[in-house]
Amino acid sequence: MNLTPEQIAAAQKANLETLTGLTNQALQSIEKLVELNLAIAKQSLSDSVNNAKKALEVKDIQQLLAHQAETVQPIAEKIISYSHHLYKLAHETQDNFTKSAEKEFSAGQKRMDALVEEWAKNIPAGSDTAVQTIKQAIASANQVFETSHKAVKHAVDVAQANLNTAADTVTKTVSSAGKTSKKK
């Protein structure tokens, strides 16, 4: 079961293509994160300047309290929005990496099956038990991978649901707190 130079070169080429694809995905995610942070920084600067101007126009304690109440709600909503965008970006990146890993795992499975079949053709007579044992070990490893993949996907779905519930609760709380402070 010797590998030919062509097989080694093909494997190296496939690995390089995979690495290039993953690197491009990572760079795209970083680019999106930088764009998001830059947009948030610009918006925060603008909001800070506007809030400072409004604060300078305050004449009494009632206006100061009203100004603070008006300022808190948008900030909380922006933090929640930022968290959603950040989570979405992380989830998108994780999905892309998972798809790449699944693709590579599937290709690896096919290569392993082909190697075992090739090896099985060249083994001495009476070694059928060893071949069956290897095939069962590979099938077991594949089953473990599938089970782990399903468990991770379920955990991510639960985390997403919990994040959405928490964000909705915080949004409602901030919104009702803002309305209550405006009434006073």
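1. Where is Ile30 found? Ile30 sits in helix H1. Helices here are DSSP runs (H or I, at least four residues), numbered from the N terminus. The model is predicted, so local features need pLDDT of at least 70 and side-chain atom pairs count only at pLDDT 80 or more, while totals for chains, interfaces and linings use all residues. Residues are numbered from 1 along each chain as its sequence is written, and side-chain values use heavy atoms, with hydrogens and water left out.

2. Start with the helix pair. Two packed helices are described by the angle between their axes and the distance between the axes. Helix H1 covers residues 5-56 and helix H2 covers residues 61-121. Their axes come within 11 Å and cross at roughly 175 degrees. Axes are lines fitted to C-alpha atoms, for helices over the stretch in contact, and angles run from 0 to 180 degrees between N-to-C directions. H1 and H2 are therefore roughly antiparallel to each other (the term applies to angles over 145 degrees). By class, ten nonpolar, twelve polar and six charged residues make up the contact of H1 with H2. Nonpolar here means Ala, Val, Leu, Ile, Met, Phe, Trp, Tyr, Cys and Pro; charged means Asp, Glu, Lys and Arg; the others, Gly among them, count as polar.

3. Next, the surface around Ile30. Is Ile30 buried, partly exposed or exposed? Ile30 is partly exposed, because its relative accessible area is 48%. The cut-offs are under 20% for buried and over 50% for exposed, with partly exposed in between (1.4 Å probe, protein chains only). Leu27, Ile30 and Val34 make a nonpolar surface patch of about 280 Å². Patch residues have over 30% relative accessible area and no salt bridge; nonpolar side chains (Val, Leu, Ile, Met, Phe, Trp, Tyr) are joined within 5 Å. Accessible areas come from the Shrake-Rupley method. Ile30 and Ile75 are 45 residues apart in sequence, and their C-alpha atoms are 24 Å apart.

4. Now the charged pairs. Side chains of opposite charge can pair when their charged atoms come close. A salt bridge needs a side-chain nitrogen of Lys or Arg within 4 Å of a carboxyl oxygen of Asp or Glu. How many salt bridges does this rule give? The count is two.

5. Lys32 is partly exposed, at 39% relative accessible area. Glu92 also counts as partly exposed, at 30%. Glu92 and Ser48 are 44 residues apart in sequence and 31 Å apart in space, C-alpha to C-alpha.

6. Lys78 forms a salt bridge with Asp47, and their closest N and O atoms are 2.1 Å apart. Lys78 is partly exposed, at 34% relative accessibility.

7. Last, a residue in helix H3. Thr129 has its place in this helix, which covers residues 128-183. Thr129 is exposed, with a relative accessible area of 59%. Thr129 and Glu118 are eleven residues apart along the chain, and their C-alpha atoms are separated by 16 Å.

How values were computed: Helices (H or I, at least four residues) and strands (E, at least two) are DSSP runs, numbered from the N terminus. Angles under 35 degrees count as roughly parallel, over 145 as roughly antiparallel, 65 to 115 as roughly perpendicular and the rest as oblique. Patches are made of residues with over 30% relative accessible area and no salt bridge: like charges are joined within 9 Å, nonpolar side chains (Val, Leu, Ile, Met, Phe, Trp, Tyr) within 5 Å. Accessible areas come from the Shrake-Rupley method with a 1.4 Å probe; for residues, only the protein chains shown count as cover.
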